[in-house]
Every structure is written in C-alpha cells, then in structure tokens.
Amino acid sequence: MVGVPEEHINGHAFHMYHLTSPDGTVSFEFQHNVCGRSIYAEGAIDAALFLAKKIQSKADKKIYDMIDVLREGNMR
C-alpha cells in the first residue's frame, strides 16, 4: 500500500503528514520514508557520544534532546 520494500517490512518508518488551514483553503503534505533501522542506531550512538562529552565537560545543562545533538553538528 505504501511501498515498503519487502526486506524492510520489519524495520521501517513510512509516515505522511497532512496539514490544512482552518478555512480549508490551504493544505500542506509531506512524508518521510526510512528503510531499515541503522539510521536510528547511528543516531543513538551520536547521542551517547554527545552526552559523554557534556558529562566530561561538566556542562550545567542536564536535559537535552536530539535537536541539541544535531545543532552541535558532530555526527559521525
């Protein structure tokens, strides 16, 4: 139905988003398709390395999200 390749049936993320203005005159759609799980594993490793660096530097901030990891720009 959405075109997920057979080899990625057990590990994929195909999503479509649809936004419509309150009066219905404007709509916006986008989708993202991820085949496999490796990108999530790589992101988890990047996040762990990011946190290790923050701990080592004794950073004052204690709560982070993935946006913080991406903004720092040190992904492998």
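1. Leu19 is found in strand 1, where strands (E, at least two residues) and helices (H or I, at least four) are DSSP runs numbered from the N terminus. This is a predicted model, in which local features need pLDDT of at least 70, side-chain atom pairs count only at pLDDT 80 or more, and totals for chains, interfaces and linings use all residues. Residues are numbered from 1 along each chain as its sequence is written, and side-chain values use heavy atoms, leaving out hydrogens and water.

2. Together with Tyr17, Phe28 and Phe30, Leu19 forms a nonpolar surface patch of about 400 Å² accessible area. Strand 1 (12-20) and strand 2 (27-35) each give at least two residues to the nonpolar patch. Patch members have over 30% relative accessible area and no salt bridge, with nonpolar side chains (Val, Leu, Ile, Met, Phe, Trp, Tyr) joined within 5 Å and like charges within 9 Å. A salt bridge is a side-chain nitrogen of Lys or Arg within 4 Å of a carboxyl oxygen of Asp or Glu. Areas are Shrake-Rupley values with a 1.4 Å probe; for residues, only the protein chains shown count as cover.

3. On to the overall layout: the elements run β-β-α-α from the N terminus. The radius of gyration of the chain is 18 Å, well over the 11 Å that the globule rule gives for 76 residues, so the chain is more spread out than a compact globule. That radius is taken over C-alpha atoms, and the rule is 2.2 Å times the number of residues to the power 0.38. Along its principal axes, the C-alpha trace spans about 50 × 40 × 15 Å.

4. Ser38 lies in helix 1 (residues 38-56). Its C-alpha atom is separated by 22 Å from that of Tyr64, 26 residues apart along the chain.
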